[in-house]
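Please examine the sequence and the structure shown below before reading on.

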Amino acid sequence: MNLKPLLSENQANKPLVIAGPCSVETPEQLDRTVAGLVEAGIKIIRGGVWKPRTRPGSFEGVGDIALSWIVDVKNRHDVKFAVEVASARHVEQALGHGIDVLWIGARSTVNPFTVQEIADSLKGVDIPVLVKNPVNADIGLWIGALERINKAGIERLAAIHRGFSNFNEKLYRNSPMWQIPIELKTRFPELPIINDPSHISGQRHLVLGIAQMALDLNFDGLIIESHVDPDAAWSDAAQQLTPGDLSTLLRSLHLRSGFS
Ligand code: PEP
Ligand code: MN
């Protein structure tokens with residue numbers, strides 16, 4: 001793969017921390033969450049606009065309207081913003097609203113048609129793209145998706161380890177299967193890997209342990225879900241942390257692993 005640093009020099013803290021709500025819900029929820037995260041030192045916010053939910057009837061994201069709220073929030077706070085894209089139309093909308101970072105979700109990475117459509121829509125565009133592992137434990141699909149995006153000319157590329165779905169696992173929502181991201185790192189040493197302890201753990205009290213494990217394994221960053229009022233979140237309520245709790249978590253990682 002042809003790779004360039006994911007972010008410019010002055011943003012390239014290791015570990016990189018991206019945080020924000022599972023979903024953008026309302027202008028107020030977004031603004032209050034981002035304000036809290038800025039206070040916690042976060043510079044890149046995540047937020048789902050179009051949500052690929054497993055079953056129908058769940059909240060599927062507020063859609064395009066959220067992009068204008070993101071534009072507003074970026075005018076008020078000095079942050080970059082990452083959203084999930086799952087189609088060429090999403091890419092077009094996101095780029096048209098100045099979104100800074102794109103990610104491909106676990107339910108899209110499994111589908112080469114979807115990944116190729118996204119890749120084709122990114123030709124000639126220079127934007128960081130993060131590719132989540134596929135929902136199933138298939139490193140080939142993960143690598144294939146990364147290669148499709150890279151072949152489209154995206155060189156600011158990273159992988160997100162969000163764990164793998166399973167039938168029997170009790171403790172974690174998605175099994176970490178650490179050997180898979182470790183194998184990816186062995187094959188592509190230059191490719192940054194960001195851990196998503198929120199979607200692995202599924203429960204907020206388990207996020208710290210997973211994040212610590214990732215740093216101990218020398219992952220390049222973390223993407224963590226944070227919401228101003230987690231229990232009232234419209235998606236993934238059990239795993240989100242308040243910005244205050246996220247700040248405490250990051251300081252505790254600092255004590256244990258020299259995080260800065
Ligand atoms: C998300 O990041 O909110 C999400 C839907 O994650 P995943 O694609 O990992 O399930
Ligand atoms: Mn989520």
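## Strand β5 and its neighbours

Val129 stands opposite Leu157, a residue of strand β6. Helices and strands are named here from DSSP runs, numbered from the N terminus: a helix is a run of H or I of at least four residues, and a strand is a run of E of at least two. Between β5 and β6, which run parallel, there are four bridges. On the other pairing, three bridges join β5 to strand β4 (residues 101-104), again in parallel. Here Val129 of β5 is the bridge partner of Leu102. Two strands are said to pair if DSSP finds at least two bridges between them. In general, strands of a sheet pair through backbone hydrogen bonds, either parallel or antiparallel.

This is a predicted model, in which local features need pLDDT of at least 70 and side-chain atom pairs count only at pLDDT 80 or more, while totals for chains, interfaces and linings use all residues. Residues are numbered from 1 along each chain as its sequence is written, and chains are lettered from A and ligands numbered from 1 in the order in which they are written.

Strand β5 (residues 129-132) is covered on both faces: Val129 and Val131 are buried on one side, and Leu130 and Lys132 are buried on the other. A residue counts as buried if 20 or more other C-beta atoms lie within 10 Å of its own, as exposed if 12 or fewer do, and as partly exposed in between, with C-beta atoms placed from the backbone.

## The barrel

How many strands form the closed barrel, and in what order do they run? The barrel has eight strands, in the order β1-β2-β3-β4-β5-β6-β7-β8, with parallel pairing. Neighbouring strands of this sheet are turned against each other by 25° on average, direction ignored. Axes are lines fitted to C-alpha atoms, for helices over the stretch in contact, and angles run from 0 to 180 degrees between N-to-C directions.

Strand β1 (residues 16-20) and strand β2 (residues 44-46) run parallel and are joined by two bridges. Ile18 stands opposite Ile44 of β2. Three bridges then join β2 to β3, also in parallel, and Phe81 in β3 is the bridge partner of Ile45. Strand β3 (residues 80-84) is mostly covered, since four of its five residues are buried.

## Val17 in strand β1

Val17 lies in strand β1. Is Val17 buried or exposed? Val17 counts as buried because 22 C-beta neighbours lie inside 10 Å. Leaving aside neighbours within four places in sequence, Val17 is in contact with Ile42, Gly221, Leu222 and Leu250. Two residues are in contact if their C-beta atoms, placed from the backbone, lie within 7 Å. The C-alpha atoms of Val17 and His77 are separated by 17 Å, and these residues are 60 apart along the chain.

## Two helix pairs

Helix α1 (residues 27-39) packs against helix α2 (residues 65-76) at an angle of about 30°, with their axes 10 Å apart. Pro27, Leu30, Asp31 and Val34 of α1 make the contact with Trp69, Asp72, Val73 and Arg76 of α2. By class, this contact of α1 with α2 has five nonpolar, no polar and three charged residues. Ala, Val, Leu, Ile, Met, Phe, Trp, Tyr, Cys and Pro count as nonpolar, Asp, Glu, Lys and Arg as charged, and the others, Gly among them, as polar.

Helix α3 (residues 88-96) and helix α5 (residues 112-121) pack at about 35°, with axes 8 Å apart. Their contact is made by Ala88, Val91 and Glu92 of α3 and by Glu117, Ile118, Asp120 and Ser121 of α5. The contact residues of α3 with α5 divide into three nonpolar, one polar and three charged.

## Two loop residues with positive phi

Met177 is placed in the loop between β6 (157-161) and α7 (179-187). Its phi is near 40°, a positive value in a residue other than glycine. Met177 is partly exposed, with 17 other C-beta atoms within 10 Å.

Asp236 is found in the loop between β8 (221-225) and α10 (243-257). Phi of Asp236 is near 50°, again positive in a residue other than glycine. Asp236 has 20 C-beta neighbours inside 10 Å and therefore counts as buried.
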